[in-house]
Amino acid sequence: FARKEHRFVYGVGRDPQTTLSLNDRITKLDCHTGQARSWPAVGDDLFGRAHPGEPVFVPRDTSSRGPNGVPDEENGVLLSVVYDDMSVCSLLVILDARSMCEVQRYQLPHVVPLGFHGFFYPAAS
């Protein structure tokens, strides 16, 4: 999907009403309609305490096509490393790209520093 015309953009953002400078949500923007959906939603246990890193889209099936024969940009998951400031831990969070609902989360073995782009750390030595 990189460097191709697309309908959806996935990114991080924050509540404009807050004084915090940390990202507090993952947002999906529909470039055709202007509608946006965010995670975590009000009522989610991580709402107000999650600080996500850049989401990475992983397609479920790269041959899947939408109604116009273009790749289905919602048929996949988003991966993001999220810092939970209440539990003081980092999580790998998996979201369904279509619904923006959480599919699964895994607590990482250590805190991953906050940053905008993705991270890499080697397996335990």
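Tutor: Let us begin with the elements. Helices and strands are runs assigned by DSSP and numbered from the N terminus, a helix having at least four residues and a strand at least two. The model shown here is predicted. Its secondary structure comes to zero helices and eight strands.

Student: In what order do the elements run from the N terminus on?

Tutor: The order is β-β-β-β-β-β-β-β.

Student: What share of the residues counts as buried?

Tutor: A residue is called buried when its relative accessible area is under 20%, exposed when that area is over 50%, and partly exposed in between. Of the 125 residues of this protein, 34% count as buried.

Student: Which residues have the most contacts inside the largest nonpolar core?

Tutor: A nonpolar core joins buried nonpolar residues through their side-chain atoms. The largest one here has 15 residues, and those with the most contacts inside it are Tyr-10, Ile-26, Trp-39, Leu-78, Val-93, Leu-95 and Met-100. Two or more residues of this core come from each of β1, β6 and β7 (89–96). Strand β7 gives the most, with four residues.

Student: Where on the surface do nonpolar side chains form a patch, and which residues make it up?

Tutor: The patch consists of Leu-20, Leu-22 and Leu-114, which together have about 240 Å² of accessible area. Leu-20 lies in the loop between β1 (8–13) and β2 (25–30).

Student: Is Leu-20 buried or partly exposed?

Tutor: Leu-20 counts as partly exposed because its relative accessibility is 43%.

Student: Let us turn to charged residues. How many salt bridges are there?

Tutor: A salt bridge requires a side-chain nitrogen of Lys or Arg within 4 Å of a carboxyl oxygen of Asp or Glu. By this rule the count comes to nine. One of the pairs is Arg-60 with Asp-96, whose closest N and O atoms are 2.9 Å apart. This pair links distant parts of the chain, for Arg-60 is in the loop between β5 and β6 and Asp-96 is in strand β7, 36 residues apart.

Student: Which residue forms a salt bridge with Asp-72?

Tutor: The partner is Arg-98, with the closest N and O atoms 2.9 Å apart. Here too distant parts of the chain are linked: Asp-72 is in the loop between β5 and β6, and Arg-98 is in the loop between β7 and β8 (102–107), 26 residues apart. Asp-72, at 19% relative accessibility, counts as buried, whereas Arg-98, at 37%, is partly exposed. Both residues belong to a network of salt bridges that also includes Lys-28 and Glu-74.

Student: What does a buried charged residue such as Glu-73 look like when it has no salt bridge?

Tutor: Glu-73 is in the loop between β5 (56–59) and β6 (76–84). The nearest side chain of opposite charge, that of Arg-7, is 6.7 Å away, and a salt bridge would need the atoms to be within 4 Å. The side chain of Glu-73 does reach the backbone nitrogen of Phe-8, at 3.0 Å.

Terms used. Residues numbered from 1 in each chain as written. Predicted model: local features only at pLDDT ≥ 70, side-chain atom pairs only at ≥ 80, totals over all residues. Heavy atoms only, no water. Patch = residues over 30% accessible without salt bridge, like charges linked within 9 Å, V, L, I, M, F, W, Y side chains within 5 Å. Areas by Shrake-Rupley, 256 points an atom, 1.4 Å probe, with all protein chains shown as cover. Buried < 20%, exposed > 50% of the residue type's maximum accessible area, 1.4 Å probe, protein only. Lys, Arg positive; Asp, Glu negative; His and termini not counted. Polar contact = N/O pair within 3.5 Å; in protein donor to acceptor, adjacent residues only side chain to side chain. Core = buried A, V, L, I, M, F, W, Y, C linked by side-chain atoms within 4.5 Å.
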